[in-house]
Amino acid sequence: MRTQSARRGDSLYIYLTGELDEHSVAAARAEADGLIDSNAGLSRAVFNLAGVKFMDSTGIGFLIGRYKRLKRYGMGMFVEEPNAGADKILQLSGLYSIMPKL
Amino acid sequence: MNEMQLKFLSRSENEVFARNVVAAFALPLSPTLSELSDVKTAVSEAVTNCIVHGYRGGEGWVTLACKTEGAWLHIEISDSGSGIDDISKALTPFYTSLPEEERSGMGFTIMQTFMSDFSVQSEKGKGTTVRMSKQFGAKAEGDAR
């Protein structure tokens, strides 16, 4: 799992690349939380999932965890470019109601 | 008809191994990309359960058995770990026995939704076995084979 970020206007973009499962989630969590903490003044974070080749329900837990952290900073969360598999899981779990897909 | 059996340690790096092995085994059935993705996700959920819940992070054996039969892929994933206290609770969407660990509680829901057939058998202190099957080409799907 690789994490990259970019700041555009008042948005933090977090790009995830690789396979998100129980094995890789701890590192992704630490990196994403570090990025969120150091950009706490922004108004929203966008998770770009274009590079996520595989994701299971561990990804749901990961995204909800980041959503809660962002909420504490008053930041909104959005998701963009999930592949078909990730999209299916995100829809099934109803996550788009709290982190809309752009 | 084809069959395979595999035994591996309950280490999280074996999740990617297990789901890719099953995908490779299923390839002769010419699944669509979306069917293959469903199977990989369901296998990943079952193996994660063995590691996280069955053995609670400790080391034990996970067994994986697969069989193809016509357009069907049958998968059986077992551990000899702690077993499930209350299966109907465990099957409830968003229920997790480890709420402090940032878990979604969606593992069994995903297995049930993504596979054609699903069953789970568990005995306290003895272990858990998940059986699930997927019929490929069951419905017309938009993506290319």
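Two strands are taken to pair if DSSP finds at least two bridges between them, and in this predicted model that criterion gives chain B an open sheet of five strands in the order β1-β2-β3-β5-β4, with antiparallel pairing. At the edges of this sheet stand β1 (2-9) and β4 (117-123) of chain B, and because each has a single partner strand, one side of each is left without a neighbour in the sheet.

As for confidence, the mean pLDDT of chain B is 94, with 95% of its residues reaching 70 or more, while the complex receives from the predictor an ipTM of 0.92 and a pTM of 0.94.

**The sheet of chain A**

Chain A holds an open sheet of four strands in the order β1-β2-β3-β4, and here the pairing is mixed. Its edge strands are β1 (2-8) and β4 (76-80) of chain A, each of which pairs on one side only, and the twist averages 20 degrees from one strand to the next. Helix α3 (residues 84-92) of chain A packs on this sheet, where it touches β3 (44-55) and β4 of chain A, and the direction of α3(A) makes about 120 degrees with that of β3(A). Elsewhere in the sheet, β1(A) and strand β2 (residues 11-20) of chain A pair in the antiparallel sense over seven bridges, with Tyr15(A) in β2(A) as the bridge partner of Gln4(A).

**Where the chains meet**

The contact between the chains draws 17 residues from chain A and 20 residues from chain B. On the side of chain A that touches chain B, α2 (57-72) and α3 of chain A each supply at least two residues, and the largest share, six residues, comes from α2(A). Sorted by class, this side of chain A has six nonpolar, seven polar and four charged residues.

**Helix packing**

Helix α2 (residues 33-54) of chain B takes part in two helix pairs, one with α3(A) and one with helix α4 (residues 107-114) of chain B.

| Helix pair | Angle | Axis separation |
|---|---|---|
| α3(A) and α2(B) | about 60 degrees | 10 Å |
| α2(B) and α4(B) | about 150 degrees | 9 Å |

The angle of about 60 degrees makes α3(A) oblique to α2(B), and α3(A) passes α2(B) in a right-handed crossing. Ala84(A), Gly85(A) and Ile89(A) of α3(A) make this contact with Ser34(B), Ser37(B) and Thr41(B) of α2(B); by class, the contact has two nonpolar, four polar and no charged residues.

How do α2(B) and α4(B) run relative to each other, roughly parallel or roughly antiparallel? Angles over 145 degrees count as roughly antiparallel, and α2(B) and α4(B) are therefore roughly antiparallel to each other. The crossing of α2(B) past α4(B) is left-handed. On the α2(B) side, Asp38(B), Thr41(B), Ala42(B), Glu45(B), Ala46(B), Thr48(B) and Asn49(B) meet Gly107(B), Ile110(B), Met111(B) and Phe114(B) in α4(B), and the residues of this contact divide into five nonpolar, four polar and two charged.

Key. Residues numbered from 1 in each chain as written. Chains lettered and ligands numbered in written order. Predicted model: local features only at pLDDT ≥ 70, side-chain atom pairs only at ≥ 80, totals over all residues. Axes fitted to C-alpha atoms, helices over the stretch in contact; angles between N-to-C directions. Contact = placed C-beta atoms within 7 Å. Nonpolar A, V, L, I, M, F, W, Y, C, P; charged D, E, K, R; others polar. Parallel < 35°, antiparallel > 145°, perpendicular 65-115°, else oblique. Left-handed = near helix turned anticlockwise from the far one by under 90°. pLDDT = per-residue confidence, 0-100.
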